Amino acid sequence: MPDFELIKKINQNDDQEAFKTIIEKYKQLVFGIAIGFFHDNETANDIVQDVFIKFWQIRKDFELKSKFSTWLYKVTTNHCVNVQRRKKIITAFSFLSSKNSEDKNLEQKLLQNTKMPEKDSFREEHIKNALNKAINSLPKRQRIAFILNKYQNFSYKDISEIMDLSVSSVESLLHRAKTNLQEKLSDTYKNLNN
Amino acid sequence: MDCKNISKKLIFYAENNLPEQDKKLVEKHISSCNKCKQELLIIQQAFGIINDEKNLQVNPYIYTRIMAKTEQKNTSKIIKYVFRPVAVSMIILMGIWFGHKASDIYFKNQENNILTEEQQFTEQNEIYVVNDISYEDYYFITNQ
Ligand SMILES: [Zn+2]
């Protein structure tokens, strides 16, 4: 059944079966975007939950102006950006009293390796941290474009629809995002070799 | 070409997104430059990490979780719109009862029976509470 018919059923009859079909169809995609932002299972599942609950709450007033999927990805990216902003504020405050939690996690993981220091897992963990930090520090629009492109393999055209931009703007955003990431990851090389 | 210019191209090389000419330049450079080679390895590893993350799966019970949450929200709405006003009304009623008790004692101790401002205020409250309860009764009837 096409999306617009499912939406109509949800919209007019509170149809839970139709709602379930929509969730089953899109949950993994919403989750994938959230993973790109948070790199964490629990937070990503929370995002999926929030997004679909929001949709259920506004179902009566929901008007399908564009493709449902486009609307859904738009809401998802907005929500992720907002949650990320809130988390950054919380981290900034907790930083005043203790060390950065990411650094703490890394320390703890390294302490758990009580046998021989595993150089590979250290390296992997280090690169993973650097990558997540690098993505998170990208300017908002570059970050969104990069995540949609790299974590979901969305085409430039899909991204342009989700972000309300022209295809060429998306192209240049992605180019800048990757150049920025490259620079930040070069620093990782320096850190790993110091 | 120097390291700085090569470094800018490495991420595009890693995702196989360079024109053939640039691709050859990068390959030639990294064959003799360990620093750029290591940088490329880091980028390739970073892309590998992204690919691993892409394999993560959403909670298979997410639908149940969502429905439970939406029902929880409905319940909290009932608490908000039905039970809370009822509880508030009860507290006000108890307040009035204590008020009456207190005023009885007060007036027993007073010779004159002139209405005080305090008592007038309490009587106004009484009218409000009666209206409130009748509204709640109405709510229950219409929702049954
Ligand atoms: Zn070099």
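Among contacts in chain A (heavy atoms within 4.5 Å) between residues at least 6 apart in sequence, 64% join residues at least 24 apart. This is a predicted model, in which local features need pLDDT of at least 70 and side-chain atom pairs count only at pLDDT 80 or more, while totals for chains, interfaces and linings use all residues. Side-chain values use heavy atoms, with hydrogens and water left out, residues are numbered from 1 along each chain as its sequence is written, and chains are lettered from A and ligands numbered from 1 in the order in which they are written.

Chain A has nine helices and zero strands, where helices are DSSP runs of H or I with at least four residues and strands are runs of E with at least two, numbered from the N terminus. Of its 194 residues, 44% are buried, meaning under 20% relative accessible area, with exposed being over 50% and partly exposed in between, for a 1.4 Å probe and protein chains only.

A:D3 pairs with A:K25, their closest N and O atoms lying 2.8 Å apart, and because A:D3 lies in helix α1 and A:K25 in helix α2, the pair ties together parts 22 residues apart in sequence. A:D3 is buried at 14% relative accessibility, whereas A:K25 is partly exposed at 44%.

Technical notes
Salt bridge = Lys/Arg side-chain N within 4 Å of Asp/Glu carboxyl O.
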